[in-house]
Structures are given as C-alpha cells and as structure tokens.
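Hi,

Here is the structure I promised to pass on. Please load it, then read the notes below it.

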Amino acid sequence: MKRLLFVLLSVCLAGGITAAELKDTDAGTPAECSLPAESAPAVKKTDEKSAPAEQKQTPAEQKKAFKTRQKRIKKLVKQYKKAKEADKPAIKAKLAEEVSAGVDAGLAYVKDRIAAERTNLDNWENKIKADEANLEQVKAQRVEDLLSGVAEKKHKEAKKAWKKQLKEAKEKLQ
C-alpha cells in the first residue's frame, strides 16, 4: 500500500511540473516543440490526436514520452522567459497543452497501476479464501513439507522465480 501511494504521489508531482519548478536546464531541439504521435495522451481536439492515446504503451515508451515531454516543457519555459510580451500568450498556450498532456498521461498511468494492483489483490484474496477453506490441511501439509525438506526446495524455487520476474521487469523498463 505504501508503494502504491508513493507511485501515486510521484506521478502526480512529476506530471504537474510548473514553470516555477523548471530552472536552467538543457533545451531540446526545435523539433521537440511539436507533439509527436508516440507521446502520451494529447489534448483531444481531433481524432488524430486522440487515437495514439488509446493505444497501450510499454513502460519504456511511457518513459521516453515523459522525457521528451519534459524537454519540450523546459524549452517552452525558457522561450516564455525570453519572449516579448506579445509572444507570451501563444507560448503559454503551448505550455498549457504540454502540461495537460503530461497530467493526463500521469493519471492514465496511475489508473493502470491501480487496476493492476486490484487484480493482484483479488488473486491474494482468492488464495486466502482457498487456504482458509482447507486450513487444517494447509497446516498439516506445511508441517510435512518442513519435515521432509520440501519447504526448503519450494522456498529456493520461489526465490529463483522472484529474481527472474524482477530481472524481466527491469528489462521491460529499459
């Protein structure tokens, strides 16, 4: 639960970066000012912009979209600070679109994580119900597993499987 709250808080803070938080950083290239198709959900104005938002992105694609969006935001903030008063409203509108897309992507990510955690919780609840239905058998089997050495083998197999899952998850993110 703490992990989920940390993820929620991190995404909300990262997605809602404001101009005041952005200080002297590297500016991106001029091409980064336009909103690419692979970036996370765009402001829904046309069917073209809403179509990529409906596609599921891999964690690596989400991370890449986040980084490119952050570069565009930083560049727009720099442009805004250097711009003449007449140009500032247009730049501010572009910045608002980018921030809006970032917040939308962050919320979508959090909703996906919540759905995944709910599924995980449902699986655990079902396992508990099954174990509680056969509680005496579960306890007796545990005693037998400990005495026969099967418990230690199961533990080693579970640890190995967990390490494999962790490695696969890290590879997915890169």
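This is a predicted model: local features need pLDDT of at least 70, side-chain atom pairs count only at pLDDT 80 or more; totals for chains, interfaces and linings use all residues.

Residues are numbered from 1 along each chain, and side-chain values use heavy atoms, without hydrogens and water.

Start with H3 (residues 59-82) and H4 (residues 88-133). Helices here are DSSP runs (H or I, at least four residues), numbered from the N terminus. The axes of H3 and H4 come within 10 Å and cross at roughly 155 degrees. Axes are lines fitted to C-alpha atoms over the stretch in contact, with angles from 0 to 180 degrees between N-to-C directions. H3 and H4 are therefore roughly antiparallel (over 145 degrees). Residues in contact (heavy atoms within 4.5 Å) include Arg69, Ile73 and Leu76 of H3 and Ile91, Leu95 and Glu98 of H4.

The largest nonpolar core has six residues: Ile73, Leu76, Val77, Ala83, Ile91 and Leu95. Such a core is a set of buried Ala, Val, Leu, Ile, Met, Phe, Trp, Tyr and Cys residues joined through side-chain atoms within 4.5 Å; buried means under 20% relative accessible area (1.4 Å probe, protein chains only). H3 and H4 each supply at least two of its residues. H3 gives the largest share, three residues.

Next, H5 (residues 135-148) and H6 (residues 150-173). Their axes come within 5 Å and cross at roughly 90 degrees. That makes H5 roughly perpendicular to H6 (65 to 115 degrees). Arg142, Asp145, Leu146 and Ser148 of H5 meet Val150, Ala151 and Lys154 of H6.

Best wishes

Conventions: Angles under 35 degrees count as roughly parallel, over 145 as roughly antiparallel, 65 to 115 as roughly perpendicular and the rest as oblique. Buried means under 20% relative accessible area, exposed over 50%, partly exposed in between (1.4 Å probe, protein chains only).
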